[in-house]
Amino acid sequence: MDTLTLDPEDVTATLKTVLHVGCGMADPAKLPADAFPADGWRELRLDIDPSVMPDIVASITDMRVLAEGSVDAVWSSHNLEHLRAHEVPLALSEFCRVLRPGGFALMTMPDLQRVAMLVAQGLLEEPAYISAAGPISPIDILYGYRPSIQGGNDFMAHRTGFTIGSLSAHMTRAGFVDVQVESDGRFALWARGVRPA
């Protein structure tokens with residue numbers, strides 16, 4: 001299998017590269033502008049689903065198509081929870097491997113501790129919030145968005161989950177340093193970790 005290397009003649013080579021894993025359909029608004037301003041970053045899109053036309057079709061647990069140390073950042077929005085628990089260390093190790101020394105991974109995913117509070121109150125199927133896709137209930141956060149799964153998109157099923165402590169531990173074991181994980185106070189965790197220089 002060939003590994004992807006960036007073309008030094010590419011006019012965008014002066015921009016930093018963010019690997020957007022689990023990217024879905026192309027949409028520049030999916031990159032958090034405060035972390036990846038358009039004038040400083042170029043997006044390299046990776047997804048397991050070829051129908052979303054990513055730059056790279058691959059699983060986040062096996063990104064050998066990318067050379068070690070080939071990107072400046074990894075952006076992962078609501079991907080790790082779709083893996084089985086035993087696959088999480090593989091994905092996080094791959095995130096760390098493809099980063100240049102000093103590069104960072106930025107991730108967001110459901111905050112199961114926060115969701116558990118609603119479940120404990122008996123609000124499993126009551127809407128916790130309204131998204132662009134429609135109402136999201138704790139059961140959707142725990143197991144995946146029911147309408148998408150019902151429509152045949154099994155990629156949307158959730159197979160594992162995280163709290164601040166569990167995600168911090170996973171990231172540290174994968175080799176990240178300066179790990180920071182926090183809850184947004186709603187229903188998401190945000191995490192950042194750096195590949196050692």
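Reply: R100 and D72 form a salt bridge through their side chains, at 2.8 Å from N to O. This pair joins distant parts of the chain, with R100 in strand β5 and D72 in strand β4, 28 residues apart. The model is predicted: local features need pLDDT of at least 70 and side-chain atom pairs pLDDT 80 or more, while totals for chains, interfaces and linings use all residues. Numbering starts from 1 along each chain as its sequence is written, and side-chain values use heavy atoms, leaving out hydrogens and water.

A salt bridge here is a side-chain nitrogen of Lys or Arg within 4 Å of a carboxyl oxygen of Asp or Glu. D72 is buried at 18% relative accessible area, whereas R100 is partly exposed at 28% (buried is under 20%, exposed over 50%, partly exposed in between, with a 1.4 Å probe and protein chains only).

Strands β4 and β5 belong to an open sheet of 7 strands with mixed pairing, in the order β3-β2-β1-β4-β5-β9-β8. Strands are DSSP runs of E, at least two residues long, numbered from the N terminus, and two of them pair if DSSP finds at least two bridges between them.

The whole structure has 7 salt bridges. Among them, D62 pairs with R64, with the closest N and O atoms 2.7 Å apart; D62 is partly exposed at 30% and R64 is exposed at 51%. Another joins D184 to R186 at 3.4 Å between the closest N and O atoms, with D184 partly exposed at 27% and R186 exposed at 54%.

Note on methods:
Helix = DSSP H or I, 4+ residues; strand = E, 2+ residues; numbered from the N terminus.
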